[in-house]
Amino acid sequence: MEARYQLARLLADGRPRSGAVLAHGLGVSRHQLLRLVDELAALDLPVLVVRGRGYRLAAPLELLDAARILADIPSALRARLVALEVLEEVDSTNGYLLAHPERAAGGVLACVAETQTAGRGRRGRSWVSPFAANLYLSVLRRFHAGAAVLHGLSLCMGVAAARAVESLGVTGVSLKWPNDLCLDGRKLGGVLIEVSAAAGAADVVAGIGINIRVPDRARADIDQAFVDLHGVGVRVGRNRLAGRVLGEVLLAQERFQSEGFAGFREEWRLLDGLAGREVVLSGALGDLRGRADGVDDDGALLLRVNGRSRRIVSGEVSVRPVDEAAVGSTP
Ligand code: BTN
């Protein structure tokens with residue numbers, strides 16, 4: 001483990017530790033310790049010097065812990081997991097699972113990370129993933145269905161994430177087609193499905209990112225309007241949220257295998273934040289304006305354009321409500 005992350009771990013509870021104890025525990029000199037303190041500050045984890053008592057983090061951290069995450073998942077669902085890996089730092093949790101699908105050994109493999117150095121968002125965007133701040137979760141499972149069906153899976157994962165957040169008492173949760181998770185209309189998180197196709201089957205990674213507490217420095221790097229749970233006064237533990245989301249994802253994936261997206265359509269309708277609104281769709285072929293009219297059994301967006309209903313299947317479009325366009329909202 002990198003020394004700076006080790007230092008974060010030693011200071012995570014927010015209590016002061018003496019420089020001598022920290023340097024000894026990390027096997028570094030006092031001078032190197034000061035460098036590590038600076039590195040943490042650069043990660044938006046300021047360390048304070050407490051006179052006569054040493055160093056402490058300005059605010060305690062809840063680091064990820066597999067046992068605590070799993071404790072929140074009903075045992076029948078938990079039993080489906082080959083493993084839940086907790087990673088300190090990774091380029092992308094999706095990329096990590098996609099690189100070695102065989103490790104799922106025909107079952108389900110999940111991972112969470114404290115930070116992603118190259119987190120991926122939809123439409124080629126990056127997903128800003130500061131250390132110990134938000135939730136970055138991916139789940140790998142083999143589906144015996146064509147890629148077209150998997151579009152519906154992506155919407156299901158949005159429903160799973162919404163259910164998880166709502167289960168913690170949060171209100172005002174909605175979904176924006178295809179799979180933005182919103183709170184009071186602003187983007188709280190998102191889903192990215194990536195597939196590695198094998199003959200007759202697909203190894204599918206479902207990645208979910210949810211903003212819990214986006215630190216100040218990272219805010220400037222995010223190029224779309226967003227919200228985090230702390231910002232609306234919701235204090236939820238990272239392990240608790242991870243457990244809820246993972247549990248809901250496992251459940252939704254099993255239901256999806258037997259029911260397809262059709263089984264989720266009603267739930268999706270109840271969460272649909274675009275229903276009945278004028279929207280502009282922007283994609284490779286330009287802009288299209290119409291009224292969002294829900295989704296069909298495959299998860300396609302139904303768009304009413306000049307009195308006719310059109311099915312929009314490509315997730316590679318951005319959807320913007322017309323009444324938000326003027327304030328430059330979520331693309
Ligand atoms: C979006 O653009 O709305 C989708 C964001 C998905 C982010 C998550 S974080 C965990 C997983 N790993 C990634 O690299 N991306 C997804």
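**Note on the predicted model**

Asp44 lies in the loop between helix H3 (30-42) and strand E1 (47-50); helices (H or I, at least four residues) and strands (E, at least two) are DSSP runs, numbered from the N terminus.

1. Basis. This is a predicted model, in which local features need pLDDT of at least 70 and side-chain atom pairs count only at pLDDT 80 or more, while totals for chains, interfaces and linings use all residues. Residues are numbered from 1 along each chain as its sequence is written, and side-chain values use heavy atoms, with hydrogens and water left out.

2. Most residues other than glycine have a negative phi, and most peptide bonds are trans. Asp44 has a positive phi, near 70°, and counts as buried at 17% relative accessibility. Buried means under 20% relative accessible area, exposed over 50%, and partly exposed in between (1.4 Å probe, protein chains only). Ala132, in the loop between E4 and strand E5 (135-143), also is not a glycine and has a positive phi of about 55°. Ala132 is buried, at 3% relative accessibility.

3. Cis peptide. The bond joining Trp177 and Pro178 is cis, with omega about 0°. Pro178 sits in the loop between strand E6 (173-176) and strand E7 (180-183).

4. Overall fold. The protein chain has eleven helices and 14 strands. Its radius of gyration is 21 Å, close to the 20 Å that the globule rule gives for 331 residues, so the chain is as compact as a globular protein of that length. The radius is taken over C-alpha atoms, and the rule is 2.2 Å times the number of residues to the power 0.38. Along the principal axes, the C-alpha trace spans about 75 × 50 × 35 Å.

5. Of the 331 residues, 53% count as buried. Among contacts (heavy atoms within 4.5 Å) with a separation of 6 or more, 64% are between residues 24 or more positions apart.

6. Strands E3 and E4. Strand E3 (residues 81-90) pairs with E4 in the parallel sense over eight bridges; pairing requires that DSSP finds at least two bridges between two strands. Leu81 stands opposite Val108 in E4. In E4 (residues 108-116), nine of nine residues are buried.

7. Ser18. This residue is found in the loop between helix H1 (3-11) and helix H2 (19-26) and is partly exposed, with a relative accessible area of 29%. Leaving aside neighbours within four places in sequence, Ser18 is in contact with Arg53 and Gly54. The C-alpha atoms of Ser18 and Ala275 are separated by 57 Å, the two residues being 257 apart along the chain.
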